[in-house]
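Please read the following note with the sequence and the model side by side. Each point may be checked against the display.

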Amino acid sequence: MTEHAHAEAGALLPWLPLTLVVLITVCYLLAAGWQRQLGNGWSPWRSAFFILGSLLLAKALAPPVMAWAHHDLYGHMALHLVMGMLAPLAWVLAAPVTLLLRTLPQAASRRVASLLKSLPVRVVSHPLSALTLNIGGMYLLYLTPLYAVSLHNALVHYWVHLHFLLAGYLFCWAILAGPDPSPHRLSLRFRLGVLFLSMATHALLGKLMYGYHWPRGTGHSVEEIQAAAQLMYYGGDLAEVLLAVALLVMWLRTPHSRREPLWPKLIERRAP
Amino acid sequence: MAGIDEIVFHQLLQWHHFFDHATPTIGIVSDGLLHAAELLAIVIGAFLLIDLAQHRKLAAHWAWSGFFLGMGGFQFFDGIVSHKLLRIHQIRYEVNLFYYDLTWNLSALALLMVGVWLYRRARQLDRG
């Protein structure tokens, strides 16, 4: 009997992340609908971005896809791209924290706001620490035996994927510094610089994996590793270019007078 | 005068292109850096153009001349310096390269000439 229950729980466990995503999405949409009803309004674009992110995540977390990603490194890399880069970008653009702050009762909202200003959040949400967590985590995963461990240890496996998602979200938020309010006031050029570092180190990691056949000790063939590394290289480009485009679109949307100069020389010449 | 920056910028953009397909070899740190710079340069360049246009400061004729000068200049640089002088890489392997090189460099010259013509026209427009 207990064995049977155990087996059932085991069969249900792979569906847990997917269920969480669905729950979170329903909460977001309910809150957005409530804001609109109250007359505060909530941009349908933001809701659309959230749904897009959730769909991407749901696709990645579906047990058949997870199983594919588990035994095929190419699948793992595709999953990694979606979970760690594309879905978090869509979610960040949906401004979920702003929605949360508006929806919660005042006292709770204040607590969340002060949590966002707290030292730990300030530290991890700095672009440089987010970069380290994000890309550093990847170097650690693919260039050490950690990846091989994650294939056999379910806990490590789940943790790795959660880390992708959280670090990816943190990085996108740190670079964009919006639409959710950021605790840092960093210049656009600094953030573009960090994005540049991220692109470079990401591309380098892809090439290291391609050339030196990492991750090792996993039984993957060289061809499989190279295909995965190429996907990482080009897919990473795509995701990071999308992030740059999002950042610059947000920059263009600020009115002329408050727009931060990107190219100081141009601005000097512009001044009459 | 904003157009001058456009020229510099587009040359920069095309310059990075050269490195993009020049190094399929693996494991070079500089390659990653240049690759990132080239991608970001393209995106930022496009947005700088939009920004200038919104400020009504975009000197379109200068920008176009810069665009062609940049493309031609680096096509030519790539064709002569890196293909022939440094021999970093070739357009194709195990075929007679002469016609490939000829086409490559002639198209570079054609782009350069379009750029020079546009540059002169831009100067005339600014004077007139």
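1. Basis of the note. This is a predicted model, in which local features need pLDDT of at least 70 and side-chain atom pairs count only at pLDDT 80 or more, whereas totals for chains, interfaces and linings use all residues. Residues are numbered from 1 along each chain as its sequence is written, chains are lettered from A and ligands numbered from 1 in the order in which they are written, and side-chain values use heavy atoms, with hydrogens and water left out.

2. Secondary structure of chain A. Chain A contains 14 helices and 0 strands; here helices (H or I, at least four residues) and strands (E, at least two) are DSSP runs, numbered from the N terminus. Chain A has a radius of gyration of 20 Å, close to the 19 Å that the globule rule gives for 272 residues, so it is as compact as a globular protein of that length. That radius is taken over C-alpha atoms, and the rule is 2.2 Å times the number of residues to the power 0.38. The C-alpha trace of chain A spans about 70 × 50 × 30 Å along its principal axes.

3. Burial and contacts in chain A. Of the 272 residues in chain A, 46% count as buried. Buried means under 20% relative accessible area, exposed over 50%, and partly exposed in between (1.4 Å probe, protein chains only). Among the contacts in chain A with a separation of 6 or more, 75% involve residues 24 or more positions apart; a contact means heavy atoms within 4.5 Å.

4. Charges of chain A. There are 19 positive and 10 negative side chains in chain A, and the centres of the two sets lie 21 Å apart. Lys and Arg count as positive and Asp and Glu as negative, while His and the chain ends are not counted. The place of a charge is taken as NZ of Lys, CZ of Arg, CG of Asp or CD of Glu.

5. Chain B. Chain B has 4 helices and 0 strands. Buried residues make up 41% of its 128 residues. Of the contacts in chain B between residues at least 6 apart in sequence, 72% join residues at least 24 apart.

6. The whole structure holds 5 aromatic pairs over all chains. Tyr28(A) and Phe50(A) form one that is stacked, at 4.0 Å centre to centre and 5° between the planes. Tyr28(A) lies in helix α2 (residues 16–37) of chain A and Phe50(A) in helix α3 (residues 44–61) of chain A, so the pair ties together parts that are 22 residues apart in sequence. Rings of Phe, Tyr and Trp (its six-membered ring) pair if their centres lie within 6.5 Å; planes under 30 degrees apart count as stacked, over 60 as edge-to-face and the rest as tilted. Tyr28(A) is buried at 4% relative accessibility, and Phe50(A) is buried at 3%.

7. A tilted pair and a cluster. The ring centres of Tyr142(A) and Tyr147(A) are 6.0 Å apart and their planes stand at 40°, so the pair is tilted. Both Tyr142(A) and Tyr147(A) are buried. Ring pairs also link Tyr28(A), Trp42(A), Phe50(A) and Trp91(A) into a cluster.

8. A leucine in chain B. Leu48(B) is placed in helix α2 (residues 29–54) of chain B and is buried, with a relative accessible area of 4%. Its C-alpha atom is separated by 24 Å from that of Gly32(B), 16 residues apart along the chain.
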